[in-house]
Amino acid sequence: MYKVKVYVTLRESVLDPQGGAVKRALHTMEYKEVEEVRIGKYMELTVNSTENVEQRIDEMCSKLLANTVIEDYRFEIEEVVPS
C-alpha cells in the first residue's frame, strides 16, 4: 500500500488572482516582506496497488487531478508498511 502526496500549482505563466488577493491582504496586515503568493492544491491518496504505481498516479493527475493546460503537478509516493 502507498500514500501519495499530490501537489498541483498554476503554471508560472498563468495569472493567479487568488494569490494576488492574499498578497494584498498580507501587505495590509503589515507583512510587507511577502513578495509573491501562488495558490495551489494538495491531495493525499492511499493506493492499494503494487503494480505501475508511479504510472497510474501520473495518469490520474493528468486526466483528473490537474488541469494540465494551466497547472503543473508533482507527486511523492511513500510505501506504507502495515503494523
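**Note on the salt bridges**

1. Glu76 is partly exposed, at 37% relative accessibility. The model is predicted, so side-chain atom pairs count only at pLDDT 80 or more. The Glu76 side chain meets that of Arg74 in a salt bridge, at 3.3 Å from N to O. Arg74 is partly exposed too, with a relative accessible area of 47%.

2. How many salt bridges does the structure hold? The count is 5. Glu76 with Arg74 is one of them. Two others are taken up below.

3. Lys41 pairs with Glu71 in a salt bridge, and their closest N and O atoms are 3.5 Å apart. This pair links distant parts of the chain. Lys41 sits in strand β2 (residues 40–47), while Glu71 sits in strand β3 (residues 71–79). The separation is 30 residues.

4. Is Glu71 buried or exposed? Glu71 has a relative accessible area of 12%, so it is buried; the cut-off for buried is under 20%. Lys41 has 41% relative accessibility and therefore counts as partly exposed.

5. Arg56 and Glu59 form a salt bridge as well, with the closest N and O atoms 3.7 Å apart. Both residues lie in helix α2 (residues 53–65). They are 3 residues apart, about one turn of the helix.

6. On the general point, side chains of opposite charge can pair when their charged atoms come close.

Conventions: Residues numbered from 1 in each chain as written. Predicted model: local features only at pLDDT ≥ 70, side-chain atom pairs only at ≥ 80, totals over all residues. Heavy atoms only, no water. Salt bridge = Lys/Arg side-chain N within 4 Å of Asp/Glu carboxyl O. Helix = DSSP H or I, 4+ residues; strand = E, 2+ residues; numbered from the N terminus. Buried < 20%, exposed > 50% of the residue type's maximum accessible area, 1.4 Å probe, protein only.
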